[in-house]
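Let's take a walk through this fold, strand by strand. Have the viewer open and follow along.

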Amino acid sequence: MSLITSTQLDDFLPHRPPFIMVSELLAHSKETARARLKISEDNVLLEGNLFSEAGLLEFMAQTLALHSGYLAKNSNGETNVVGVIGAVKKFEVSQLPKVGETIYCDINILSEFMSMTLAVASVYDINETLVAKAE
């Protein structure tokens, strides 16, 4: 069961088609989130038949944005929280997913200070094999 479906993304992300890189939010807590993306053939971050490194980073970023937006809506009713990425560390890709595949992103919040969040993001394929990770 989804917490946020594709039809509700406009309330939680400032992004608009064709730059939506998440399909739904599956799980959420104060420190974690899990989102899913079905990679479609019209995705703008494809390189040939593969979802690019930039696409994986954007999937991670939008999963964190969904986490923040969902948390804000449940705590103060605010939606569509805008944020920026200040830095990416330790970005590693073990494989690039193909068009038609479904991938999952797990976010684990390490710390928060004022409006900054430090998180670890891990992307997995449907078999729970690690695809990419970053801080």
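This is a predicted model: local features need pLDDT of at least 70, side-chain atom pairs count only at pLDDT 80 or more; totals for chains, interfaces and linings use all residues.

Start with the pairing of glutamate 24: its bridge partner in β2 is arginine 36. Alanine 27 has a bridge partner in β2 as well, namely arginine 34. Those two pairs sit in the contact between β1 and β2 (residues 32-38), which pair in the antiparallel sense over 4 bridges. How many residues does the hairpin use to join β1 to β2? The hairpin gets there through 3 residues.

Now step across to the next neighbour. β2 and β6 run antiparallel, and 7 bridges join them. If you want a landmark here, pick alanine 33, which stands opposite isoleucine 107 in β6.

Zoom out and the whole arrangement reads as an open sheet of 6 strands, ordered β1-β2-β6-β7-β8-β5, with antiparallel pairing. Why is one side of β1 and of β5 left without a neighbour in the sheet? Both β1 (24-28) and β5 (92-93) stand at the edges and have a single partner strand each, so one side of each has no neighbour there.

Finally, bring in the helix. Helix α1 (residues 53-76) lies across β1, β2, β5, β6 (102-113), β7 (116-125) and β8 (130-134). As for direction, helix α1 runs at about 60° to β6, the strand that 7 bridges join to β2.

Key. Residues are numbered from 1 along each chain as its sequence is written. Side-chain values use heavy atoms; hydrogens and water are left out. Two strands pair if DSSP finds at least two bridges between them. Contact means heavy atoms within 4.5 Å. Axes are lines fitted to C-alpha atoms, for helices over the stretch in contact, and angles run from 0 to 180 degrees between N-to-C directions.
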